[in-house]
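Please open the model in your viewer and keep the sequence panel beside it. The tour below moves from one selection to the next and says what is to be found at each stop.

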Amino acid sequence: MAAIAVPENTRVFLLDIEGTTTPITFVKEILFPFIRENLEEYLSAHWEEDECKQDVHLLKKQAEEDLRQNKACPVHAVDQTVHTDEEKAIREVVESVLWQMAADRKSTALKQLQGHMWRAAYVTGKIKGEVYQDVVPAIRRWRRGGLKVFIYSSGSVEAQKLLFGYSVEGHLLDLFDGHFDTNIGAKVESKSYENIAERIGCQPEEIMFLTDLAREAKAAEDAGLNVAVVVRPGNTELTGEERSHYRVITSFNQLKLSGNV
């Protein structure tokens, strides 16, 4: 596809992860299955540790909030193999987490627990973060051009740092000036992007946001950010209207800074 000029007033790139810097298959076929396959064992091993207790507390608060708002919740089936209170509590947490994952929930409570589970897998080399080949060279060019680069993902900041800190390309955290997750707000809400601009210390129109999802692009655009939608294998198909409305790229290399940096 053709080169696309980045607006001259751009000072910051804000990057999504899944489908933008990283293949969706990495998340769907490696990260998420790891949680499903190891969740009960992880909870049993760490149940009495403070970090795990905090994760479980947040998940319970999320469930209570869902009940208050009359949102759908997992149904706890009677399991005759569960005998102790701890086993019963662990099984309920497992059911809640698996239900949230099946519903593609983006709750902070879920993402925090997932991040803690992935940490051990990354550190021991069981998992290495994947990034598209065009990503690292492009970010290095942008940084040489004086631009800052931030990550904004529904995955926790810890999970983001693990992915880029233990990647197939090596340690990449020095490429980024900061990270944002859903603690700053949901990615489909324009207020989140206003909050990010304020936190970074720049005007919304000085930020270029790259994402694979049109609904996130709309929220960012409504907040005043410049946007490009990234089309990668396996990403959600854009409508004809969305393709005509947004800048569309298939590679970071298509983005050209003023002065051909």
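By class, how many nonpolar, polar and charged residues does the lining of the largest pocket have? The lining has twelve nonpolar, ten polar and twelve charged residues, where Ala, Val, Leu, Ile, Met, Phe, Trp, Tyr, Cys and Pro count as nonpolar, Asp, Glu, Lys and Arg as charged, and the others, Gly among them, as polar.

Before you select anything, note that this is a predicted model, in which local features need pLDDT of at least 70 and side-chain atom pairs count only at pLDDT 80 or more, while totals for chains, interfaces and linings use all residues. Residues are numbered from 1 along each chain as its sequence is written, and side-chain values use heavy atoms, with hydrogens and water left out.

**Stop 1: the two domains**

Colour the chain by domain, using domain 1 (4–22 + 129–257) and domain 2 (29–124); these bounds come from an automatic or database domain assignment. The C-alpha centres of the two domains lie 29 Å apart. Where they meet, twelve residues of domain 1 are in contact with ten residues of domain 2, contact meaning heavy atoms within 4.5 Å.

**Stop 2: the largest pocket**

Next select Glu18, Asp104, Lys106, Lys111 and Ser154, which lie nearest the centre of the largest pocket among its 34 lining residues. On a 1 Å grid over the protein atoms alone, a pocket is an open set of points with protein on both sides within 12 Å along at least five of seven lines, a cavity is a set of points where a 1.4 Å probe fits but cannot get out, and lining residues have an atom within 4 Å of a point. The space in this pocket comes to about 790 Å³, a volume being the space filled by probe spheres set on the points, which are joined across faces, edges and corners.

Helix H1 (24–46), helix H4 (108–123), helix H6 (157–165) and helix H8 (214–222) are the elements that each give two or more residues to this lining; helices (H or I, at least four residues) and strands (E, at least two) are DSSP runs, numbered from the N terminus. H1 gives the most, with five residues. Each of domain 1 and domain 2 supplies at least three residues of the lining.

**Stop 3: helix H1**

Now follow H1 along its length to Asn38, on which a kink of about 60° is centred; the bend at a residue is the angle between axes fitted to the seven residues ending there and the seven starting there. The buried residues of H1 include Phe32, Pro33, Phe34, Leu39 and Tyr42, buried meaning under 20% relative accessible area, exposed over 50%, and partly exposed in between (1.4 Å probe, protein chains only). What covers the buried residues of H1 includes helix H2 (50–68), helix H3 (85–102), H4 and H6.

**Stop 4**

Move to Asp104, in the loop between H3 and H4, where phi is near 55°, a positive value in a residue other than glycine. Is Asp104 buried or partly exposed? Asp104 counts as partly exposed because its relative accessibility is 39%.

Asp104 also lines the largest cavity, together with Phe32, Gln100, Met101, Arg105, Leu110, Lys111 and Gln114. About 50 Å³ of space lies in this cavity, and the count of cavities of 30 Å³ or more comes to one. H4 supplies the largest share of the cavity lining, three residues, and by class this lining has three nonpolar, two polar and three charged residues.

**Stop 5**

Select Gly178, in strand E4 (residues 178–180), which counts as buried because its relative accessibility is 15%. Not counting residues up to four places away in sequence, Gly178 touches Val149, Phe150 and Ile151.

Continue to Asp181, in the loop between E4 and helix H7 (190–200), which at 9% relative accessibility counts as buried. Asp181 and Tyr152 are 29 residues apart in sequence, yet 5.7 Å apart in space, C-alpha to C-alpha. Leaving aside neighbours within four places in sequence, the contacts of Asp181 include Tyr152, Ser153 and Gln160.

End at Thr211, in strand E5 (residues 207–211), which counts as buried because its relative accessibility is 0%. Beyond its neighbours within four places in sequence, Thr211 is in contact with Asp16, Thr20, Glu216, Ala217, Ala228, Val229 and Val230.
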